[in-house]
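Subject: Handing over the structure, with notes

Dear colleague,

Please find below the sequence and the structure that I promised to pass on to you.

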Amino acid sequence: MKVSVGQFHPSGVMDGNIATMRRLAEDAKADGAGLVIFPEESMFTVGLVEGDFIEAVDENWSKFVQQLSFVASEVQIAIVAGGYESSGEDRPYNTLVVVDDEGRIVDTYRKLHLYDAFSYQESKRIKPGDNGIKTVNIGGLNVGVMTCYDIRFPELARAMADKGVDLIAVAAAWFKGDHKIEHWESILKVRAIENTVWVAAAGTSSEHCIGHSVVLDPMGVPHAYLNDEPEGIVTVDVTKRRIDEVREFLPVLKNRRLETSPTIVESH
């Protein structure tokens with residue numbers, strides 16, 4: 001199945017962001033893609049929301065999911081995109097929603113690892129995820145989903161590999177800073193190489209985020225990528241055959257002698 005990653009800069013207004021995703025989804029469909037992955041915060045960027053953030057989340061989350069469903073069914077393409085979901089408390093979840101090409105909600109994933117690093121504290125306004133690792137089947141591919149800072153935790157990707165994923169879909173808003181592009185590119189490559197899976201990562205392009213969306217094969221080879229373009233789509237034919245080829249001469253999952261069993265600890 002062909003897979004696209006879409007790169008753009010979400011504004012603080014959901015309706016405008018949905019319009020951008022529709023346009024990019026149509027471009028992906030024109031490329032023959034069956035799945036398009038959009039960045040974290042595709043619903044809206046926290047710092048650009050006017051008024052009270054929690055009120056905006058309460059008002060827009062259901063609308064966001066519904067509008068994604070409409071786009072997916074009308075364009076006939078599966079979508080992964082990030083938004084903010086009410087938790088019933090003063091900190092919402094940072095949530096990815098997976099919609100199939102008929103507009104059905106397949107699953108949601110609440111960001112597990114919050115970005116409390118590099119002088120930023122995401123946990124001050126966001127609640128950590130509590131619904132575990134998520135893998136879904138889209139177009140015959142087993143897809144694992146994760147959000148931004150999650151990629152710095154190798155046990156999460158390895159647990160997905162244990163569940164038989166073919167592709168890890170990453171939605172991100174990766175902040176700029178010293179060595180941050182190198183970190184992004186290196187970690188994505190390593191996650192592909194150490195698990196011999198495809199990795200497709202969609203990044204926000206903005207004044208504060210790097211963009212650099214990419215699709216990597218199980219050898220960590222980038223098949224298509226963007227730099228810091230404000231908006232764009234790249235599409236790659238993601239095949240199980242390539243996974244089988246790589247695992248024939250690089251059987252790291254068979255050769256390993258330690259297993260991972262991550263547990264989810266809910267904060268109170």
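A residue is called buried when its relative accessible area is under 20%, exposed when it is over 50%, and partly exposed in between, using a 1.4 Å probe and protein chains only. By that rule, buried residues make up 54% of the 268 residues in the protein chain.

Before going further, please keep in mind that this is a predicted model, in which local features need a pLDDT of at least 70 and side-chain atom pairs count only at pLDDT 80 or more, while totals for chains, interfaces and linings use all residues. Residues are numbered from 1 along each chain as its sequence is written, and side-chain values use heavy atoms, with hydrogens and water left out.

The pLDDT is the predictor's confidence in each residue, on a scale from 0 to 100. Its mean over the protein chain is 95, and 97% of the residues reach 70 or more. Over residues 264-268, however, the pLDDT is below 50, and this stretch has eight contacts in the model beyond near neighbours in sequence, where a contact means heavy atoms within 4.5 Å.

Now to the overall form. The protein chain holds six helices and 14 strands; these are DSSP runs numbered from the N terminus, with helices (H or I) of at least four residues and strands (E) of at least two. The radius of gyration, taken over C-alpha atoms, can be set against a globule rule of 2.2 Å times the number of residues to the power 0.38. Because a compact globule of 268 residues would have a radius near 18 Å, the 17 Å of the protein chain agrees with that rule. Along the principal axes, the C-alpha atoms fill a box of roughly 55 × 45 × 35 Å. Of the contacts between residues at least 6 apart in sequence, 68% join residues at least 24 apart.

Leu 156 is found in helix 3, which covers residues 154-162, and Leu 156 counts as buried because its relative accessibility is 3%. Leaving out residues up to four places away in sequence, Leu 156 touches Tyr 109, His 113, Ile 133, Met 146 and Asp 150. The buried residues of helix 3 are Leu 156, Ala 157, Arg 158, Ala 159, Met 160 and Ala 161, and they pack against several elements, among them strand 5 (105-110), strand 10 (167-172) and helix 4 (180-195). Just after helix 3, Gly 164 takes a positive phi of about 85°.

Another buried position is Lys 111, in the loop between strand 5 and strand 6; Lys 111 counts as buried because its relative accessible area is 2%. Its contacts, apart from residues up to four places away in sequence, include Glu 40, Glu 122 and Asp 150.

Most residues other than glycine have a negative phi. Ser 119, however, has a positive phi of about 65° although it is not a glycine, and Ser 119 is found in the loop between strand 6 (116-117) and strand 7 (120-121). The phi of His 212 is also positive, near 55°, and His 212 is found in the loop between strand 11 (198-203) and strand 12 (214-216). Is each of these residues buried or exposed? Ser 119 counts as exposed because its relative accessibility is 85%, whereas His 212, at 12%, counts as buried.

Asp 228 counts as exposed because its relative accessibility is 58%. Leaving aside neighbours within four places in sequence, Asp 228 is in contact with Gln 7, Ser 205, Ile 210 and His 212.

Lastly, Thr 20 lies in helix 1, residues 14-30, and Thr 20 is buried, with a relative accessible area of 14%. Apart from residues up to four places away in sequence, Thr 20 touches Phe 8 and Glu 231.
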